[in-house]
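Dear colleague,

Please find the structure below, handed over for your records. A short account of the findings comes after it.

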Amino acid sequence: MSQSDTELLKSSPTDLARAADLLRAGRLVAFPTETVYGLGADARNGTAVAAIYMAKGRPSFNPLIAHVASTPHARTLVTWNEHAQALADAFWPGPLTLVLPLRPGHGLSSLVTAGLDTLAVRVPAHPVAQALLRDFDGPVAAPSANLSGRISPTTAQHVLDGLGGRIAAVVDAGPCTVGLESTIVGLGEAPVLLRPGGVAREDIERCLGMSLSVVSESAAVTAPGQLLSHYAPNAAVRLNASSAMPSEVVLGFGPMACDLNLSPNGDLAEAAANLFDHLHQLDRTGRRIAVAPIPEIGLGAAINDRLRRAAAPRDS
Ligand code: TXA
Ligand code: MG
């Protein structure tokens, strides 16, 4: 496959019908969600799901999120509980993923869960994701549409930069509004925060009326997306930089001199929406990226989580 073999689709009904047909045929289609672009495959088709792992070069033990159009559809895949209902009522459709026990007869390929007996499921809010999922009328397994270990894509161009020629199509609906991945909450006996993301932890705790415990890095076996350096750009990253060294480019936050600013006004939602795009741009300079301090509150916690991964030591 060459780069030009990846179809560039828009969000017209004809193009979305084409995207759904490609999914039915077991092909890979990248599509927009409000968080990041996902690399979708029919979650019931093991060969199609395997193609995701191959296209991304992703470690095979990393389970995927199943995307569906509605809460009733989600409930056919997992064993539901009170906490799930409360969170779905409050945050679905939206940037929240729930991990629940797989329900017998779910029909999903075991590659989706990488063999776990739990499933991560999400109902995205993006109208184009909604339209595609309704047209396809089935669960779509979709990790972020980037090569494994690289920055998550927030535009169709980011997808093509990494996966052009490796996937059947990308549906282009412009930049993602949230700009970082969904928050993942595990709903076993006690709710746990598996990954910070687009819904602030505080809002989830308020909804459940209890505090969430956080799964530590050492428990990464059950949440392998928590692997350090999972979101790494090519360039080295230095955090909490109060000033730049001569060889560096500066990623700013709040009013300051810098090469690119996540949010000149210090707005964390704006910073989240810009995060991956700015990292992509600065990564292209080939210079070390010095990042200004980001407050550890609200979406700042998720941004810092991504930045710490980007800055974690790695082999290559
Ligand atoms: O916003 C998002 O969540 C995006 C869009 C495309 O929906 N998707 C995304 O998928 O970020 P991905 O594959 O890059 O991250 C999925 C995360 C991984 O950290 C994975 O380990 C975790 O979900 N996960 C999936 N199934 C799990 C399970 N059964 N138990 C614990 N963690 C799970
Ligand atoms: Mg990812």
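The notes that follow take the domains and their interface, then individual side-chain pairs, and lastly the backbone.

This is a predicted model, in which local features need pLDDT of at least 70 and side-chain atom pairs count only at pLDDT 80 or more, while totals for chains, interfaces and linings use all residues. Residues are numbered from 1 along each chain as its sequence is written, chains are lettered from A and ligands numbered from 1 in the order in which they are written, and side-chain values use heavy atoms, with hydrogens and water left out.

The protein chain is assigned domain 1 (3-214) and domain 2 (237-311), the bounds coming from an automatic or database domain assignment. Taken over C-alpha atoms, the centres of domain 1 and domain 2 are 26 Å apart. Contact (heavy atoms within 4.5 Å) involves 19 residues of domain 1 and 15 residues of domain 2. Together the two domains bury about 1,300 Å², with 59% of it on carbon and sulfur atoms; buried area is the accessible area (1.4 Å probe) that two parts lose on being put together, summed over both. Ile151, Leu180 and Pro196 supply 41% of the area that domain 1 buries against domain 2, more than any other three residues.

One salt bridge is counted between domain 1 and domain 2, the term denoting a side-chain nitrogen of Lys or Arg within 4 Å of a carboxyl oxygen of Asp or Glu. Arg306 and Glu181 meet through their side chains in a salt bridge, at 2.9 Å from N to O.

In the whole structure, a search finds 13 salt bridges. Glu34 and Arg122 form a salt bridge with an N to O distance of 3.2 Å. This pair links distant parts of the chain, 88 residues apart: Glu34 is in the loop between strand E2 (29-32) and strand E3 (37-42), and Arg122 is in strand E6 (residues 118-122). Helices (H or I, at least four residues) and strands (E, at least two) are DSSP runs, numbered from the N terminus.

The count of aromatic pairs is one; rings of Phe, Tyr and Trp (its six-membered ring) pair if their centres lie within 6.5 Å, and planes under 30 degrees apart count as stacked, over 60 as edge-to-face and the rest as tilted. Trp80 and Trp92 make a tilted pair, with 6.0 Å centre to centre and 40° between the planes. Trp80 lies in the loop between helix H3 (71-75) and helix H4 (82-91) and Trp92 in the loop between H4 and strand E5 (96-101), so the pair ties together parts that are twelve residues apart in sequence.

As for the backbone, the peptide bond from Trp92 to Pro93 is cis, with omega near -10°.
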